[in-house]
Protein chains: 6
Amino acid sequence: MQKVAVFPGSFDPVTRGHESLVIRALSLFDKIYVAVGQNSGKNHFFACEKRVNWLKEVFRGYPSVEVEQYSGLTIDFCRKVGATYILRGLRTSSDFEFERSIGQVNKMIEPGIETIFFLSMPEHTPVNSSIVRDIIRNGGDPSPFIPAGISIREGIE
Amino acid sequence: MQKVAVFPGSFDPVTRGHESLVIRALSLFDKIYVAVGQNSGKNHFFACEKRVNWLKEVFRGYPSVEVEQYSGLTIDFCRKVGATYILRGLRTSSDFEFERSIGQVNKMIEPGIETIFFLSMPEHTPVNSSIVRDIIRNGGDPSPFIPAGISIREGIE
Amino acid sequence: MQKVAVFPGSFDPVTRGHESLVIRALSLFDKIYVAVGQNSGKNHFFACEKRVNWLKEVFRGYPSVEVEQYSGLTIDFCRKVGATYILRGLRTSSDFEFERSIGQVNKMIEPGIETIFFLSMPEHTPVNSSIVRDIIRNGGDPSPFIPAGISIREGIE
Amino acid sequence: MQKVAVFPGSFDPVTRGHESLVIRALSLFDKIYVAVGQNSGKNHFFACEKRVNWLKEVFRGYPSVEVEQYSGLTIDFCRKVGATYILRGLRTSSDFEFERSIGQVNKMIEPGIETIFFLSMPEHTPVNSSIVRDIIRNGGDPSPFIPAGISIREGIE
Amino acid sequence: MQKVAVFPGSFDPVTRGHESLVIRALSLFDKIYVAVGQNSGKNHFFACEKRVNWLKEVFRGYPSVEVEQYSGLTIDFCRKVGATYILRGLRTSSDFEFERSIGQVNKMIEPGIETIFFLSMPEHTPVNSSIVRDIIRNGGDPSPFIPAGISIREGIE
Amino acid sequence: MQKVAVFPGSFDPVTRGHESLVIRALSLFDKIYVAVGQNSGKNHFFACEKRVNWLKEVFRGYPSVEVEQYSGLTIDFCRKVGATYILRGLRTSSDFEFERSIGQVNKMIEPGIETIFFLSMPEHTPVNSSIVRDIIRNGGDPSPFIPAGISIREGIE
């Protein structure tokens, strides 16, 4: 049976931590959907189209990675694409507490889908999209924290 | 002396965790006020009236439970109804850090009122109102997480 | 029905935090058993007899407090003395994680007994018995951290 | 390429949490080695032979699960059996902090091996081997927490 | 070489914890800039001018303390005023996780600047600006939590 | 006035994290005592003499660093050498909770001494002496985690 995973997130914007995670998970799955959530209850910094395009650029060389956008429950997107795994990274223990709640609730709703976690690399552990947005907002250079070859600055409105 | 407790919260919406907590605390108190906060600095998902009505429905069979709404400091509501205990549940360690700050500050303002805590049950530990709202927002079915017999969906505007 | 609580611990030695907790819980319970555990898997710094005597001294003026020693499961001691509550204090979030595990397991074994928690006071939050033992071991003066009127130093062997 | 994982631990004793974890991970791996560590710096409650035998009993019906004992670094055992994944469960945020340190250090020593994590189920979240040992030591009944069909009590010396 | 530190924050409003921290850090630095951030991505409760004026009032008697407002990256403000240290207080472990991310990212951007931390005093540990704002919003008296001699109430619009 | 700090620890053995911390703190203090505790209640893996000698080797090129051993309270050692600062590193939030307790208790005993904290560098965050000992105990190579130029292996008995 094919092993299909969904890596859901806002990717607002994509970071080197996201990139590293997907690449390290490649050997475990036949297909990984990087799924850009359109969460109706949340304002995004970058337009969904830009976030999707950056991800497509980052994972262009990886045929088993597909970038898609979705709305609704992550669990429903998994069912739609036939995924039985949700892939997530863990950086800090506050991350963990949040992820545990979401992961256990998802498992209650759909017992056939497991969330599995990879650790962030030490050099990516302090960085998340929220900090990258803060750097951008305050006129700093986000390039050390985002994947090489994509230009976030052009995306700022 | 009567033992009176206030269980303050947003209850936006009430969860099975809230229901379980109040029922388990019944034998400890002569009266429990389930107090729905009208926090001016916070937007609510469900209108206050709905949140109050659901709670009244949930605790209809329990004569020692009273559902009320309040604004202002929780401590002031306690004074008003003659409560000397604040009742709270603890699910996660981030909950705890937040609750400890609020509880210790309340004790500094009013030393005559103690906050006491019950643990969530394991099956309710992953769930809070915020996750229930996310499920609703994304078109999922919240019914496994809310008390039996109330219909949250009707409350959605 | 009488409200009976057990406050279990090693009390190796008793601290001002323990003292404060019991006194603040007095109004909630008809009787509080301060129960000194004889945990076979644990080495103690002070002999059980000394720990018990200090506690008796500390709570001498409180007729609803009884000091006892016990071995075996805390739950079994509760059953023996007819207690339906276990009383515990919470200082830090690592405390909380440990207490949640123990409390939820106890509830699985005996659903009729609830663990309830009080917060430490801010000035007692940094102190526990282990730090007091370290102070003693290194020749420091533990008296600011232990109840007035008891002399820990005499107990050191 | 075969996907081989090592699930290392003391299993002192095996819990329902361990059992659940391996069974949920079966579909992700072609082979899972449940590897019982002989950590020279640690005293064990149950003899290694007993811990191994219980695990063999628990996973008897699962041909892709192999139970082995090992000493030395987990990374070295992975190399020996050709595993490129280490499998671990996460219950609490203190678990997480510990696991992150170990996992990131293992990755520094051997970049070719990834640690991946599954969440404990809510009903297993409060329980670990250390609590089970405490229950046994204090004369309680550990059977709700250990896999059905194995008899821990016979193993107690 | 002069030892210059920046203590950045929103100070919305200043608390006794902020005051205590700066005073305790005075002997370590030749100059401390209390730097009021104009974070474009954040709404403030009190106008910047008021926050700055209160801080000037609080630190009036301390010639080595300078109050300034800034926008942009904290690191850039440090460079502008020649500071090689960022000063921060730590109250809780969720504070810590947040501060570690910010501090490690700042160090990646500018290796010549170190963040150093002081602990909150036990009596200030439960209080932060957010709780003070909540007290004000709900009609409570914030004066036990803000420095003596300043009148927050006048600042409320 | 001279700024003197004590960096207390077991250094069992010294890690790259310890080395990095002291070097980054050099510009803040006129003198740093690296103080090797002889904690009577704790068994050490390496003999005190070896731990001291490794530290002397590591900090040989830094005239403002002095390596000493001490027993008794850290606070008493600070008084003896005229230090008014205790220097500590923070890696994880469990570190933080422990350090906060010790630091606040030390401040209660001796208000004239402040504990100040530096963050670990991301690459050192997962590593502490306990993990290094585990690597050694299990036959692994600890050299990536200990300062260049010292040979831990010779110290193993």
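Biologist: OK, so two strands pair if DSSP finds at least two bridges between them. Going by that, what is the order of the strands in the open sheet?

Modeller: This is a predicted model, to be clear. In it, ten strands form an open sheet in the order β3(A)-β2(A)-β1(A)-β4(A)-β5(A)-β5(D)-β4(D)-β1(D)-β2(D)-β3(D), and the pairing is mixed.

Biologist: Which strands stand at the edges?

Modeller: β3 (65-70) of chain A and β3 (65-70) of chain D. Each has a single partner strand, so one side of each is left without a neighbour in the sheet.

Biologist: And how much are neighbouring strands turned against each other?

Modeller: By 35 degrees on average, with direction ignored.

Biologist: Now the join between the chains. In which sense do β5(A) and β5(D) pair, parallel or antiparallel?

Modeller: Antiparallel, over three bridges. Phe117(A) has Phe117(D) as its bridge partner there.

Biologist: What about β1 and β4 in chain D, parallel or antiparallel?

Modeller: Those two, residues 4-9 and 85-90, go parallel over two bridges. Ala5(D) in that chain is partnered with Tyr85(D).

Biologist: Where does helix α4 of chain D pack?

Modeller: On the sheet, where α4(D) (residues 93-109) touches β4 and β5 of chain A as well as β4 and β5 of chain D. Its direction makes about 170 degrees with that of β4(D). α4(A) lies across β4 and β5 of both chain A and chain D, and runs at about 170 degrees to β4(A).

Biologist: Switching topic: how many residues does each chain put into the contact?

Modeller: 28 from chain A and 28 from chain D. Between them they bury about 2,500 Å², with carbon and sulfur atoms giving 65% of that area.

Biologist: Which three residues of chain A supply more of its buried area than any other three?

Modeller: Leu28(A), Phe96(A) and Leu119(A), with 23% of what chain A buries against chain D.

Biologist: How many salt bridges cross over?

Modeller: The rule finds two across the interface of chain A and chain D. Arg24(A) forms a salt bridge with Glu114(D), and their closest N and O atoms are 2.8 Å apart.

Biologist: Which element gives the largest share of chain A's side?

Modeller: α4(A), with nine residues. By residue type, the side of chain A that touches chain D splits into twelve nonpolar, eight polar and eight charged.

Methods. Residues are numbered from 1 along each chain as its sequence is written. Chains are lettered from A and ligands numbered from 1 in the order in which they are written. This is a predicted model: local features need pLDDT of at least 70, side-chain atom pairs count only at pLDDT 80 or more; totals for chains, interfaces and linings use all residues. Side-chain values use heavy atoms; hydrogens and water are left out. Contact means heavy atoms within 4.5 Å. Buried area is the accessible area (1.4 Å probe) that two parts lose on being put together, summed over both. A salt bridge is a side-chain nitrogen of Lys or Arg within 4 Å of a carboxyl oxygen of Asp or Glu. Helices (H or I, at least four residues) and strands (E, at least two) are DSSP runs, numbered from the N terminus. Ala, Val, Leu, Ile, Met, Phe, Trp, Tyr, Cys and Pro count as nonpolar, Asp, Glu, Lys and Arg as charged, and the others, Gly among them, as polar. Axes are lines fitted to C-alpha atoms, for helices over the stretch in contact, and angles run from 0 to 180 degrees between N-to-C directions.
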